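Hello,

Here is the structure I promised to pass on. Please open it first, then read the notes below alongside it.

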Amino acid sequence: MNEILSNKEIAKKKFISISTVKTHINSIYSKLSISSRNEVSLFFN
């Protein structure tokens with residue numbers, strides 16, 4: 001089952017800064033032409 005994590009939770013699990021998480025998430029959003037986590041779930045369903 002997929003788990004929805006906050007940026008803070010992702011950063012903690014991956015031992016990186018929240019800023020790094022935000023940078024990577026924004027890059028992914030840009031490549032998928034989406035703007036939110038809600039759109040990600042719609043994209044993959």
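Helix α2 covers residues 18–32 and helix α3 covers residues 37–44. Their axes lie 11 Å apart, and they pack at an angle of about 45°. The two helices are therefore oblique to each other. The crossing of α2 past α3 is left-handed. On the α2 side, the contact uses Ile25, Tyr29 and Leu32. On the α3 side, it uses Arg37, Val40, Phe43 and Phe44. By class, the contact of α2 with α3 holds six nonpolar residues, one charged residue and no polar ones.

One caution before you go further: this is a predicted model. The mean pLDDT of the chain is 90. A value of 70 or more is reached by 98% of the residues. Which element has the lowest mean pLDDT, and which the highest? The lowest belongs to α3, at 83, and the highest to α1, at 97. Where pLDDT is low, the predicted coordinates should not be read in detail.

Now the overall layout. The chain has three helices and zero strands. Along the sequence, the pattern reads α-α-α. Taken along the principal axes, the C-alpha atoms fill a box of roughly 30 × 25 × 10 Å. The chain has 45 residues, and 13% of them count as buried.

Next, the other helix pair. The axes of α1 and α2 are 8 Å apart, and the packing angle is about 110°. That angle makes α1 roughly perpendicular to α2, because the range for that label is 65 to 115 degrees. The crossing of α1 past α2 is right-handed. From α1, the contact takes Asn7, Lys8, Ile10 and Ala11. From α2, it takes Ile18, Val21, Lys22 and Ile25. By class, the contact of α1 with α2 has five nonpolar residues, two charged and one polar.

Ile25 deserves a look of its own. This residue lies in helix α2. Is Ile25 buried or exposed? Its relative accessible area is 16%, so Ile25 is buried, the limit being under 20%. Ile25 is listed in the contact of α1 with α2. Ile25 is also listed in the contact of α2 with α3. Leaving out residues up to four places away in sequence, Ile25 touches Asn7, Ile10 and Arg37. Ser36 is eleven residues from Ile25 along the chain, and their C-alpha atoms are separated by 9.4 Å.

Ile4 and Arg37 are 33 residues apart in sequence. In space, they are 8.9 Å apart, C-alpha to C-alpha. Ile4 is found in the segment before α1. With a relative accessible area of 76%, Ile4 is exposed, because the cut-off for that class is over 50%.

Lys8 is found in helix α1, which spans residues 7–14. Its relative accessibility is 62%, so Lys8 counts as exposed. Lys8 is also one of the α1 residues in the contact with α2.

Last, two backbone points to check in your viewer. Phe15 is found in the loop between α1 and α2. Phi of Phe15 is near 60°, a positive value in a residue other than glycine. At 77% relative accessibility, Phe15 counts as exposed. Ser33 is found in the loop between α2 and α3. Phi of Ser33 is near 55°, again positive in a residue other than glycine. At 65% relative accessibility, Ser33 counts as exposed.

Best wishes

Note on methods: Residues are numbered from 1 along each chain as its sequence is written. This is a predicted model: local features need pLDDT of at least 70, side-chain atom pairs count only at pLDDT 80 or more; totals for chains, interfaces and linings use all residues. Side-chain values use heavy atoms; hydrogens and water are left out. Axes are lines fitted to C-alpha atoms, for helices over the stretch in contact, and angles run from 0 to 180 degrees between N-to-C directions. Helices (H or I, at least four residues) and strands (E, at least two) are DSSP runs, numbered from the N terminus. Angles under 35 degrees count as roughly parallel, over 145 as roughly antiparallel, 65 to 115 as roughly perpendicular and the rest as oblique. A crossing is left-handed if the near helix is turned anticlockwise from the far one by less than a right angle, and right-handed if clockwise. Contact means heavy atoms within 4.5 Å. Ala, Val, Leu, Ile, Met, Phe, Trp, Tyr, Cys and Pro count as nonpolar, Asp, Glu, Lys and Arg as charged, and the others, Gly among them, as polar. Buried means under 20% relative accessible area, exposed over 50%, partly exposed in between (1.4 Å probe, protein chains only). pLDDT is the predictor's confidence in each residue, from 0 to 100.
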